[in-house]
Amino acid sequence: MTTAPASLSVRDVTVRFAGLTALDAVSFTVEPGSVHAVIGPNGAGKSTTFNVLSGVYRATSGSVHLGSTELTGLSPHRIADLGVARTFQNLALPPHATVAESLMLGRHRLTRAGFVASGLRLPSATREAQRHLERVREIAEFIGLDKELDFPAAALPYGKQKLVELGRALCMEPEVLLLDEPIAGMTADERRRTAAVVAGVRDSLGISIVMVEHDMGVVMRLADAVTVLDFGRRIAGGTPAEVQNDPAVVQAYLGAQE
Ligand SMILES: Nc1ncnc2c1ncn2[C@@H]1O[C@H](COP(=O)(O)OP(=O)(O)OP(=O)(O)O)[C@@H](O)[C@H]1O
Ligand SMILES: [Mg+2]
């Protein structure tokens, strides 16, 4: 079954916490196969946006759709099942797993044979496991970690661990990938490599990416579209060049430095 790639649309999303409006009627659309950056000063509502998209927070009002499917109010698990995968700002790898095992975790939602069949080693289960393992190898190669498949993931340098997380999300075969500060804390070399992988995810796999990122150089180079938040409001949106010269954006960032 093939379906046309779907756009992710955020419509008038408002999130209120006791006495505080973290997001105020925010709307934007992530076009299929594009990198869409969400930027803004500290406290602007970037993480809140991510948490709404992935189902961790429930919007007070407004809606999120993937194509014609409404995601608003669904559980994180269900949203992941529908094709929206995320990575976390902090590393979230199991402590003793190898790279291969960590990637395999991303395959779980796609495993049909189930635990009983796998436990009994039925031929159908073994064939399925083989297929998943092949896909894990392909994805490891894609993120440049095929040589490290049997290494403990937690023993790898930070930048490679982050790539394992990205690989695990790719193993879910998502339509949309949510990346929370994918290059934060990396060395210059790791940044270049990760940026190249993210571009590859878009260009070779056709997956849409929503990225929260503070590094403006990377945002400007990688993003096809940018949404700028400030105090929970969308203050600008467009191509990187358009938002870079937008007076409201300049003002928001200058204001944030005072
Ligand atoms: N669970 C929560 N309960 C109460 N307030 C919250 C909660 N989560 C976020 N907020 C508030 O909502 C506002 C937006 O926060 P958010 O974390 O989305 O900002 P951000 O753009 O990700 O900032 P940063 O760049 O610092 O990560 C902030 O004022 C924050 O204190
Ligand atoms: Mg944040």
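Predicted model: local features only at pLDDT ≥ 70, side-chain atom pairs only at ≥ 80, totals over all residues.
A backbone N or O atom of Ser47 lies 2.9 Å from an oxygen atom of ligand 1. In one of them, a polar side-chain atom of Asn42 is placed 2.9 Å from an oxygen atom of ligand 1.

In total, 13 residues surround ligand 1, and the closest are Gly43, Gly45, Lys46, Ser47 and Thr48. By residue class, this shell divides into six nonpolar residues, six polar residues and one charged residue. Strand E2 (20–30) and helix H1 (46–53) each supply at least two residues of the shell. The most is given by H1, with three residues.

Helix H1 is itself largely enclosed by the rest of the structure, because seven of its eight residues are buried. These buried residues are Lys46, Thr48, Thr49, Phe50, Asn51, Val52 and Leu53. H1 is followed by Gly55, for which phi is positive, near 85°.

Helix H7 covers residues 188–205, 18 residues in total. From its first C-alpha to its last, H7 reaches 25 Å, close to the 26 Å expected at 1.5 Å a residue. Buried positions in H7 are Glu190, Thr194, Ala195, Val197, Val198, Ala199, Gly200, Val201 and Arg202. The cover over these buried residues includes three strands, E3 (35–39), E7 (176–180) and E8 (208–212). Helices H5 (123–142), H6 (158–170) and H8 (216–222) also belong to that cover. After H7 comes Gly206, whose phi is positive, near 70°.

The protein chain as a whole contains 10 helices and 10 strands. Of its 258 residues, 46% count as buried. Among the contacts with a separation of 6 or more, 68% are accounted for by residues 24 or more positions apart. The accessible surface of the chain comes to about 12700 Å², and carbon and sulfur atoms make up 54% of it.

How values were computed:
Residues numbered from 1 in each chain as written. Chains lettered and ligands numbered in written order. Heavy atoms only, no water. Helix = DSSP H or I, 4+ residues; strand = E, 2+ residues; numbered from the N terminus. Expected span 1.5 Å × (residues − 1). Buried < 20%, exposed > 50% of the residue type's maximum accessible area, 1.4 Å probe, protein only. Contact = heavy atoms within 4.5 Å. Near = heavy atom within 4 Å. Polar contact = N/O pair within 3.5 Å; in protein donor to acceptor, adjacent residues only side chain to side chain. Nonpolar A, V, L, I, M, F, W, Y, C, P; charged D, E, K, R; others polar. Areas by Shrake-Rupley, 256 points an atom, 1.4 Å probe, with all protein chains shown as cover.
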